[in-house]
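Colleague: I've got this model open on my screen and would like a close look at one part of it. Could you walk me through that part and what sits around it?

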Amino acid sequence: MGSILRFDHVGITVSDLAASIAFFEQVGLVLDGPSASIEGRFIDAVTGIDGASTEIVMMRTPDGGTAVELSRFVRPQAVPGSQHAMANELGLRSVAFEVEDLVGLVDRLGVAGFPLIGSIGEYERVWRMAYVRGPDGITVALAEKIG
């Protein structure tokens, strides 16, 4: 019987790989190797999309933890998301990171064109948190422990 060994990565389909890499670098992730182009039977089988071609890159937190996989579909073209999203549809509900200096990071991202969705909130004097809108409407939750 199979079992989970560890949490490996979160996959996010994007329309512009370079812009998404730049955004996540500003958040604080680092590239984990070069990008890779994948097509053929493997990607067709995994995604259930015949003739798929994608370019992917892995990014990690500085501590080497769980990765974010950014994937840009060359074929077929990305389409808006739906309730039954396939791998080539844009978006993810949110991806969250614990950060230092939340206000400074939010300010830096805002200057770079990535605005807050709402405002910075505080939870029971323990966490300060904000949602930022990244490329393709990706919601990134940023949380700073304050208590």
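**A surface patch, then a covered strand**

Modeller: Let's begin on the outside: Val 103, Leu 116 and Ile 120 make up a nonpolar surface patch, and their accessible area together comes to about 190 Å². Keep in mind that this is a predicted model. Ile 120 sits in the loop that runs between helix H3 (102-111) and strand E7 (121-123). Its relative accessibility is 32%, so Ile 120 counts as partly exposed, since that class covers values between 20% and 50%.

Now for the covered part, strand E4, which spans residues 53-60. Seven of the eight residues in E4 are buried, so most of the strand is covered. E4 has several pairing partners, and I'll take them in turn.

Strand E2 (residues 30-31) pairs with E4 in the antiparallel sense, over two bridges. Here Leu 31 stands opposite Met 59 of E4.

Strand E3 (residues 36-39) also runs antiparallel to E4, with four bridges between them.

Look at Arg 60, whose bridge partner in E5 is Ala 67. E4 and E5 form a hairpin with six residues between the strands, and there Gly 64 takes a positive phi near 80°.

Methods:
Residues are numbered from 1 along each chain as its sequence is written. This is a predicted model: local features need pLDDT of at least 70, side-chain atom pairs count only at pLDDT 80 or more; totals for chains, interfaces and linings use all residues. Side-chain values use heavy atoms; hydrogens and water are left out. Patches are made of residues with over 30% relative accessible area and no salt bridge: like charges are joined within 9 Å, nonpolar side chains (Val, Leu, Ile, Met, Phe, Trp, Tyr) within 5 Å. Accessible areas come from the Shrake-Rupley method with a 1.4 Å probe; for residues, only the protein chains shown count as cover. A salt bridge is a side-chain nitrogen of Lys or Arg within 4 Å of a carboxyl oxygen of Asp or Glu. Buried means under 20% relative accessible area, exposed over 50%, partly exposed in between (1.4 Å probe, protein chains only). Two strands pair if DSSP finds at least two bridges between them.
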